[in-house]
Amino acid sequence: MDDLIARQRNPAHQMTPKGRAIEEESFRLVDLEAGPHGFSQLEWPIVRRMIHATADFEFKNLTRFSPGAVEAGLRAIQAGARILVDARMIACGLNPERLALFGNEVVELLSHPEVVARAKASGGTRAEAAVAYAAEVGLLEGSLVGVGNAPTFLLALAERVRQGARPALVLGMPVGFVNVEEAKRALMEAPVPWIVTEGRKGGSTLVVAALHALIRLAADGGVDTSREARGG
């Protein structure tokens, strides 16, 4: 009962009893259809929410975690780390009440005047200019970085990591056809915690889902308290 009351008051969970019931039933159906998997107790709630957000069970086979990635993300969220994203769609999709739980600020730089000016001057992409600007002003250090749209953002970020930048966690989930798989491989070879969707599939929706799952795990003390995650 105490657990139920805590969840009802926790903005990381659905606000109303009906909303919570729908979400829990959705998770139950995802668990039932997904079947056995090799994800840890901390990893599966993230993959499950990504499947829930897309109705695409292929992400059970496409999602990869570096060792300790979830733990690194939870520590960063609980410490109030900023969340740097490559697309306004991600920023708009994140729930303000959930972000307020730990004071996580969302930063999107592609529309920043300095970034736009640099991209026009260099002829490169705004994503590349955004990563360079973020590195110069210290926005990469200790941040959670969510990439759901621009492979060039992820490629530039992986290079910055090789040069010494240290984000807390990178969600590498760009979608598309050009440089997408190369960018994800570059991230997986970089010395930084990461969560990646292999292949061409990805998108801002997945990054939002993964971040919401991480915030919920952080709010629940690192353990998903839903019935399904407890195994019944």
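Biologist: Is Ser204 buried or exposed?

Modeller: This is a predicted model, and burial is read from relative accessible area, with under 20% taken as buried. At 9% relative accessibility, Ser204 therefore counts as buried. Ser204 belongs to helix α12.

Biologist: Which residues is Ser204 in contact with, leaving aside its neighbours within four places in sequence?

Modeller: Ser204 is in contact with Ala87, Met89, Ile90, Gly148 and Asn149.

Biologist: Where is the place of Gly93, and what is its relative accessible area?

Modeller: Gly93 sits in helix α6, residues 88-93. Its relative accessible area is 32%, so Gly93 is partly exposed. Outside its sequence neighbours up to four places away, Gly93 touches Val208 and His212.

Biologist: How should I read the chain as a whole before going further?

Modeller: Start with the element count and the burial figure. The protein chain has twelve helices and six strands. Of its 232 residues, 52% are buried. Then look at how far along the sequence the contacts reach. Among contacts between residues at least 6 apart in sequence, 69% join residues at least 24 apart.

Biologist: How many residues has the largest nonpolar core, and which have the most contacts inside it?

Modeller: A nonpolar core is a set of buried residues of nonpolar type, joined through side-chain atoms within 4.5 Å. The largest one here has 41 residues, and Ile46, Leu144, Leu211 and Leu214 have the most contacts inside it. The elements that give two or more residues to this core are α2 (17-34), α3 (44-54), α4 (59-62), α5 (69-78), β2 (83-85), β5 (169-172) and α12 (204-219). The largest share, eleven residues, comes from α12. There is also a second, separate core of 30 residues, which includes Leu110, Ala119, Ala134 and Val170.

Biologist: What is Leu144 in contact with, leaving aside its neighbours within four places in sequence?

Modeller: The contacts of Leu144 are Gly73, Ala76, Ile77, Ala81, Arg82, Ile83, Leu84, Leu169, Leu211 and Leu214.

Biologist: How do I read a pair of helices, and at what angle do the axes of α3 and α12 cross?

Modeller: Take the approach of the axes, then the angle, then the residues that meet. The axes of α3 and α12 come within 8 Å and cross at roughly 140°. An angle over 145 degrees would count as roughly antiparallel, and α3 and α12 are therefore oblique to each other. The crossing of α3 past α12 is right-handed. On the α3 side, Pro45, Ile46, Arg49, Met50, Ala53 and Thr54 take part. They meet Thr205, Leu206, Ala209, Ala210, His212, Ala213, Leu214, Arg216 and Leu217 in α12. By class, this contact has ten nonpolar, three polar and two charged residues.

Biologist: How do α5 and α12 cross, and which residues make the contact?

Modeller: The axes of α5 and α12 come within 9 Å, crossing at roughly 75°. Angles of 65 to 115 degrees count as roughly perpendicular, and α5 and α12 are therefore roughly perpendicular to each other. Val70, Leu74, Ile77 and Gln78 of α5 make the contact with Leu214, Ile215, Leu217 and Ala218 of α12. Those residues divide into seven nonpolar, one polar and no charged.

Biologist: How is a loop residue read? Is Leu109 buried or exposed?

Modeller: Loop position and accessibility are checked separately. Leu109 is in the loop between β3 (106-108) and α8 (113-122), and with 6% relative accessibility it counts as buried. Not counting residues up to four places away in sequence, Leu109 touches Leu84, Val85, Val115, Ala130, Tyr133, Ala134 and Leu139. The C-alpha atoms of Leu109 and Arg126 are 8.6 Å apart, at a separation of 17 residues along the chain.

Biologist: What is phi of Ala55, and what is phi of Asn179?

Modeller: Phi of Ala55 is near 55°, a positive value in a residue other than glycine. Ala55 is in the loop between α3 and α4, and at 65% relative accessibility it counts as exposed. Asn179, also not a glycine, has a positive phi of about 65°. Asn179 is in the loop between β5 and α11 (180-188), and its relative accessible area of 32% makes it partly exposed.

Conventions: Residues are numbered from 1 along each chain as its sequence is written. This is a predicted model: local features need pLDDT of at least 70, side-chain atom pairs count only at pLDDT 80 or more; totals for chains, interfaces and linings use all residues. Side-chain values use heavy atoms; hydrogens and water are left out. Buried means under 20% relative accessible area, exposed over 50%, partly exposed in between (1.4 Å probe, protein chains only). Helices (H or I, at least four residues) and strands (E, at least two) are DSSP runs, numbered from the N terminus. Contact means heavy atoms within 4.5 Å. Axes are lines fitted to C-alpha atoms, for helices over the stretch in contact, and angles run from 0 to 180 degrees between N-to-C directions. Angles under 35 degrees count as roughly parallel, over 145 as roughly antiparallel, 65 to 115 as roughly perpendicular and the rest as oblique. A crossing is left-handed if the near helix is turned anticlockwise from the far one by less than a right angle, and right-handed if clockwise. Ala, Val, Leu, Ile, Met, Phe, Trp, Tyr, Cys and Pro count as nonpolar, Asp, Glu, Lys and Arg as charged, and the others, Gly among them, as polar.
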